[in-house]
Amino acid sequence: MPALAAHIPWDYPVWQFSGINGGLLIAAIAVIHVFVAQFAVGGGFFLVMAEAKGHREGSARILRWAHRHTKFFLLLTMVFGGMTGVGIWLVISLVSPAGTALLVREFLYAWATEWVFFLGEIIALLLYAASFSRCRRGRMAPRDHMILGMGYCLFAFLSLFIINGIISFMLTPGAYPKEGFFAAFFNPGFWPALVFRFGLCLVLAGLFGLLTATAVKHEPTRLSLVRFCAKWICLPFLLMAAGGIWYAAAMPGEVQVSMLRRTDDIRPFVRSFLDSAPLLFLAGMLLFIRLPQKAYRPVVFAFLALGLVVAGSFEWIRETARRPWLVHGHMYSSGITAEQNNWMREHGALAASGWGQLRAGLLTAETAAAAAGAAAGKTPDAASLGKEQRAAFARFLFARQCSSCHGLGSPMLDIKPRVAGRGEKGIEALLAAQGVISPYMPPFAGTAEERRILAEWLAAVTATK
């Protein structure tokens with residue numbers, strides 16, 4: 001048997017859980033974080049322009065509102081946004097350790113640079129917020145105060161610039177891994193994705209601005225600020241729309257086909273994005289019409305929810321359109337690379353993982369972490385497993401290869417209704433068809449015997465109430 005270290009250079013423990021699939025777990029926190037993080041980018045430009053409006057019009061009321069909005073912005077983006085950012089790292093490292101390791105390894109210096117930019121964001125925003133009172137009292141020149149704000153804008157945009165290169169790489173990696181870092185970073189989807197995301201950032205800035213603008217009691221000021229926010233929704237929307245069309249055109253042909261497939265993991269989100277995005281533009285136009293004061297607050301919250309639908313649908317489409325890949329053409333959504341998948345189909349998933357052997361009872365806890373595959377040079381044979389060992393190993397297979405998309409009893413992509421009533425032979429046929437009849441699913445990474453073990457377990461699980 002070839003040395004495993006040359007083919008399977010990883011062996012991560014698998015987080016086994018039921019009730020929710022890995023993708024939905026990541027989405028639950030990632031969508032909220034991205035929603036707030038993109039507001040953090042556009043909101044900086046919004047703050048500076050709002051302050052400039054107040055100085056230009058000589059309005060103490062507008063400056064007081066801008067000061068109050070800065071405090072709201074600071075708490076939401078730096079505190080809540082920072083906490084959800086840490087949450088993303090925690091969840092992705094548990095759900096997809098191989099994918100997380102790949103992104104850290106390939107973009108180590110990009111991540112380090114982004115963290116420097118984020119530190120710059122924190123310092124600039126704290127200085128901007130802390131000196132706002134001095135500026136309003138005339139103890140600091142407006143120009144100097146707005147320079148601090150523009151410093152924050154610069155760092156925030158540069159953070160978006162770096163993150164965009166890493167995220168767009170996963171869908172359009174270009175010539176990776178043949179070419180170097182810059183080819184992977186400035187991949188075919190980089191610029192269109194950056195245009196789309198920056199446009200969305202500015203739109204979100206206008207939406208969140210409405211939260212505090214509609215609370216202003218002075219009616220002429222409130223009307224002026226609402227219309228100011230409406231411009232931030234409508235005008236950048238055109239930039240967002242152009243970037244979205246460009247981004248779709250930059251995707252590989254098979255990804256474009258994947259976006260149009262009529263499966264319930266992507267179809268509802270494509271529809272919701274295509275419906276909600278134009279509604280968001282119309283919402284901005286509606287704000288130019290003078291609404292009754294009592295209608296402002298519920299309308300604003302409805303518009304924010306609409307913005308969340310637009311941002312969330314886009315992120316879900318982008319994630320789902322990659323399937324069966326985590327990094328298109330290189331690593332499957334299960335965290336197994338194409339090369340590793342081929343090796344495991346010949347030699348077996350059991351031989352590839354000391355943790356899998358631990359679950360099957362072939363290794364002790366002391367030797368599992370040190371095992372690079374076969375214990376003591378002997379290739380583990382799935383056919384020799386006993387009944388209890390087969391069940392334990394099957395659960396490991398499901399967690400390792402299926403749970404990134406499917407869950408047991410999960411609210412989305414539940415595996416049970418998909419295999420119920422098919423029997424072992426039918427389920428085994430479905431597993432064999434992965435990557436062929438079902439091209440949006442990665443090929444099963446294991447031998448025919450291991451495929452039967454998983455089919456046997458799934459049939460038993462779905463037969464129980």
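The legends below describe an overview and several close-up views of one predicted model.

This is a predicted model in which local features need pLDDT of at least 70 and side-chain atom pairs count only at pLDDT 80 or more, while totals for chains, interfaces and linings use all residues. Residues are numbered from 1 along each chain as its sequence is written, and side-chain values use heavy atoms, with hydrogens and water left out.

**Figure 1. Overview of the chain.** The chain has 21 helices and two strands; helices (H or I, at least four residues) and strands (E, at least two) are DSSP runs, numbered from the N terminus. Along the principal axes, the C-alpha atoms fill a box of roughly 80 × 40 × 35 Å. Of the 465 residues, 55% are buried (buried is under 20% relative accessible area, exposed over 50%, partly exposed in between; 1.4 Å probe, protein chains only). Among contacts (heavy atoms within 4.5 Å) with a separation of 6 or more, 77% are between residues 24 or more positions apart. The accessible surface comes to about 20600 Å², and carbon and sulfur atoms hold 67% of this area. Accessible areas come from the Shrake-Rupley method with a 1.4 Å probe, and for residues only the protein chains shown count as cover. There are 42 positive and 26 negative side chains, with the centres of the two sets 14 Å apart. Lys and Arg count as positive and Asp and Glu as negative, while His and the chain ends are not counted; the place of a charge is taken as NZ of Lys, CZ of Arg, CG of Asp or CD of Glu.

**Figure 2. The loop between the two strands, at H328.** H328 is found in the loop between strand 1 (325–327) and strand 2 (331–332). The relative accessible area of H328 is 13%, so this residue counts as buried. Leaving aside neighbours within four places in sequence, H328 is in contact with M170, L171, P173, P252, E254, V255 and R322.

Figure 3. The peptide bond from R323 to P324 is cis, with omega about 15°. P324 lies in the loop between helix 13 (293–321) and strand 1. The bond from Y176 to P177 is also cis, with omega near 0°. P177 belongs to the loop between helix 7 (142–171) and helix 8 (181–185).

**Figure 4. The packing of helix 4.** Helix 4 spans residues 97–106, and its buried residues are P97, A98, G99, T100, L102 and L103. These buried residues pack against helix 3, helix 5 (108–130), helix 7, strand 1 and strand 2.

**Figure 5. Helix 20 and the residues around E428.** In helix 20 (residues 423–433), I427, E428, L431 and A433 are buried. An α-helix has 3.6 residues a turn, so residues three or four places apart point the same way. The cover over the buried residues of helix 20 includes helix 19 (415–419) and helix 21 (448–463). E428 has a relative accessible area of 15% and is therefore buried. Not counting residues up to four places away in sequence, E428 touches A448, R451, R452 and A455. Just after helix 20, G435 takes a positive phi of about 85°.

**Figure 6. A positive surface patch.** R61, R64, R68, K71, R134, R136, R137 and R139 form this patch. Patches are made of residues with over 30% relative accessible area and no salt bridge, with like charges joined within 9 Å and nonpolar side chains (Val, Leu, Ile, Met, Phe, Trp, Tyr) within 5 Å. A salt bridge is a side-chain nitrogen of Lys or Arg within 4 Å of a carboxyl oxygen of Asp or Glu. Helix 3 (60–95) and helix 6 (132–136) each supply at least two residues of the positive patch, and the largest share, four residues, comes from helix 3. R61 is found in helix 3 and, at 41% relative accessibility, counts as partly exposed.

**Figure 7. A nonpolar surface patch.** F181, F182, F186, W191 and W246 make a nonpolar patch of about 560 Å². W246 is found in helix 10 (residues 219–250). The relative accessibility of W246 is 44%, so W246 counts as partly exposed.

**Figure 8. A463 in helix 21.** A463 is found in helix 21. With a relative accessible area of 60%, A463 is exposed. A463 and L238 are 225 residues apart along the chain, and their C-alpha atoms are separated by 52 Å.
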